[in-house]
Structures are given as C-alpha cells and as structure tokens.
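Please study the sequence and the three-dimensional structure shown below. The exercises that follow each set a task and then work through a solution step by step.

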Amino acid sequence: GHCKRLAPEYSAAAETPTSSVVFHRREMKAAFFVLLALALAAPALAADVELDGKVLVLTEDNFDEVVKKEAPILVEFYAPWCGHCKRLAPEYSAAAETLDAEGAGVKLAKVDATEEPTLGSRFDVRGYPTLKFFKSGLKAAEYNGGRTASEIVNWLKKKTGPAVVDLANKEAVEAFKAKADVAVVGFLSDAEGIAAFTEFAKSHDDDAVVFGLAPAAVAVEMGVDGSVATFNSAEEKPGVFNGALTNDELAVFVNGYSVALVSEFSDEMAPKFFRAAIEKKVVLFSDKSDDGHSVAVEALKTAAEEFRGKILFTVAGHAQARLMEYFGVAKDDTPTALALIVSDDGIKKYKWNKDDISADNVAAFTREFLAGELKAFLKSEEIPEKNDGPVTILVGKNFDEIVGDTSKNVLVEFYAPWCGHC
C-alpha cells in the first residue's frame, strides 16, 4: 500500500529533475517511507520481555518465541535462594553488558526455575545454576565454560565466531590483549603455520584464553622474539614460543603461560584449578602467619619456572579450611606441600617427603613426582584385624587389592553410618 501511494509521486519527481525544490520534496517523501519500512522490518524484542540490565527475563509464556528470535542465546536457569546463583549474577550481568557493547550478536537470558518449573523439567534442569546454549532454534546444548564474565564472553565468542581474530598491526594487537585476561597471538605469515595455529585454537577449551593472528613483522615491532606469544594480565612479561607448531607443544606452552606461575588458591579460582588442562599440581599449604611463609613461597616460585606447562603451582593459607580438611592438612602442619593428580578418575595425593621447603627441595620433590617415584597417599582407616566375616570390610588401604582381584567378582556397597536407608 505504501509503495502504491508512493509510485505517482516518485514518477513525478523523476520527470521534473530541473526543479530542485520539488525533487527534494519528493525525495524526502521517499526517504520517509523507506525509513518507515526499515523500522517495521527491524528485529525487536517482544513487547512482554522484561530486561534485567542487558539480561532477558524469560517465562514459559515467552520462552519459545524469544529463543527462536534471539538465538544464539545463553539461558541461565536459577533459583533465587541459591548461593552459587547469587555469586554468578554479577558476572553474568557483566558478560551481557560486554556482549551488547561489542555488538557480538549473542544474547544472555535467565529463567527463575522455581517460578517456571515446566521449563526446568523440559530442559532437564537438575541443579542451580544450569546454563543452556541455544545456537539455533530450541535445541539446547550444555554450557561447560567458566563462571566469570570474561570466561562466559570468550566461550560464546568461540561458539559463534571465528576461533582466531585477525590482527592487522601492532595497534590491533595492543587493543586485543588489553581486553583479555589471557591473549595468545600467533605472529605468522606462512600458510602452513597459520593453519596449524588456527587448528590448535579451535581445539583449545580454556575459556579464559582468546587467540589472535598477526603478521610476523608485527612481532619485531613489539619486541617479541618468537612465533607465538601469550599476554597474561597477571604476568609482567609475555611468554614467548619458538617451538614446533604442533598441538602437543602449543598445549604445553599455552597451558603453562595462561595461568600465573604461582597462583593463590581461592574460592573463585577453585573451579579453574580443579578442571585445568594441567592435571598435575603442587599445592603449598602455608599461611601468612607461619614462620618461614615468605621463604617457602619464594622457594616455590623459584622452582616452578623449570616445570611451567607441566605442573600447576598454587599456595593455600589457613582461610582455605575446607581444602585443608579435604586433603588432611592441619594448621600445625603448615608450611607443607602436597602433589596432586586431578583427572576424570579422581584425585591422587602425594605427601611432601623432604625437610625444609627450599627451592632445591621443591624442585627435587617435583621431579620425583613427574617421574612417578612418589607413592600415592590414601586417607584411610586401618584394615580391621579380623576381616573374615561374610562381608569383607574395605578401607582405603585394601580397596585396590580386593576389588582389583580379577579372580573374583566383587559387589561393593558404599554406605554412610548415619544413613537410615543403609
């Protein structure tokens, strides 16, 4: 209808090119209708969608419509009373603000699953918070990224955009690394190197790390003597790589330089610590109130450099009471150290076997750990003196021997003494 009404006016304007006043009047009419058409066609949020900052608030009534329209979209299913949800809230909100400011084309939304139980059941929500990613339509994928704003943003960018950002010059690299906690930049100009670096970036699953690619000449401008460099906001100097561009060698380098040489354990960093790509870790349990604390920490930092990329080092003080209890470390024991292997099969612990905590002793202990020369420590009750009844009592010290006996089938009940069902 608008087009039909415009048609004679548009024709008249074309037939009178010498009349600038008339022509421009008609041109403004055309522009008005074009702008009106664009406004009507522009995507907009449904009128009944509430916003909390830049986070969409979804309900059963609007969920399908909004997710279909706004995908790709990340949805948090939460409970107002949940402590983990409360800790996530400011990070989630900050991530939404960042994505909106950058025009990333990805939305964040949330659902109060206690108010919308049907949605929780529909998407198999079993705990809070649960995050689901909808890349296209209503098919949900599990979000398995970190819980900080930068980790959420980086995870979504990797899922929706290129794995590697092209950086044309030094200024672009500087701006790129300034916005990231950890930036890995390949300074490469050969096709083979670029392909290998890009392939690694696609496979790397640390959400705190972003990848960029700049011409090799930019490395010279920046004083980087290597083909790949990591820029970690927690470190003063970049890490520099000159090895072969294989996935294995790049993984050791990036894993080693994407974390601080020695970190301080905290509740916030605990998830990253336990799921880090580096499975082998050394924990120094030492509190600032301990005699020799500063000496022990410096010893750890001195020794750690040799094992970068192979071992993750951290320091935990008395404030980490739950961690100390879990690993059987008392306040009177500090300073002391434990070596750990954290994998899908569980956690193996190796006790400190030296006298004082010096750089030489930490290095020797860590070499023995890497060489497999340490014996794993099991927190275990003693094996019962009489253990020949119809049900054999298993404790940490005899579990592997009995359950691992391939000549027998073993049925094991794991119970708690206080459990009524048990």
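**Exercise 1. Describe the salt bridge that E142 forms, and the surroundings of its two residues.**

Step 1. The partner of E142 is K132, and the closest N and O atoms of this salt bridge are 2.3 Å apart. A salt bridge is a side-chain nitrogen of Lys or Arg within 4 Å of a carboxyl oxygen of Asp or Glu.

Step 2. The pair links distant parts of the chain, 10 residues apart: E142 belongs to strand 6 (residues 140-142) and K132 to strand 5 (residues 130-134). Helices (H or I, at least four residues) and strands (E, at least two) are DSSP runs, numbered from the N terminus.

Step 3. E142 is exposed, with a relative accessible area of 51%, whereas K132 is buried at 5%. Buried means under 20% relative accessible area, exposed over 50%, and partly exposed in between (1.4 Å probe, protein chains only).

The model is predicted: local features need pLDDT of at least 70, side-chain atom pairs count only at pLDDT 80 or more, and totals for chains, interfaces and linings use all residues. Residues are numbered from 1 along each chain as its sequence is written, and side-chain values use heavy atoms, with hydrogens and water left out.

**Exercise 2. Determine which parts of the chain the salt bridge between D64 and R122 ties together.**

Step 1. In the salt bridge of D64 with R122, the closest N and O atoms are 2.8 Å apart.

Step 2. D64 lies in helix 3 (residues 63-70) and R122 in helix 5 (residues 117-122), so the pair ties together parts that are 58 residues apart in sequence.

Step 3. D64 is partly exposed at 27% relative accessibility, and R122 is partly exposed at 43%.

**Exercise 3. Identify the buried residues of helix 8 and the elements against which they pack.**

Step 1. Helix 8 comprises 13 residues, 191-203.

Step 2. Its buried residues are G193, F197, F200 and A201. These residues lie on the same side of helix 8, because they cover an arc of only 100° around the axis; the arc is that of the directions from the helix axis to the C-beta atoms.

Step 3. On the other side of helix 8, A191, E192 and K202 are exposed.

Step 4. The buried residues pack against strand 8 (182-187), strand 9 (209-214), strand 10 (228-232) and helix 10 (247-257).

**Exercise 4. State how many disulfides a search of the whole structure finds.**

Step 1. The search finds zero disulfides, a disulfide being a pair of cysteine sulfur atoms within 2.5 Å.

Step 2. For C422, the nearest cysteine sulfur is that of C419, 3.0 Å away, and C422 is in no disulfide.

Key:
The expected span of a helix is 1.5 Å times one less than its number of residues. Contact means heavy atoms within 4.5 Å.
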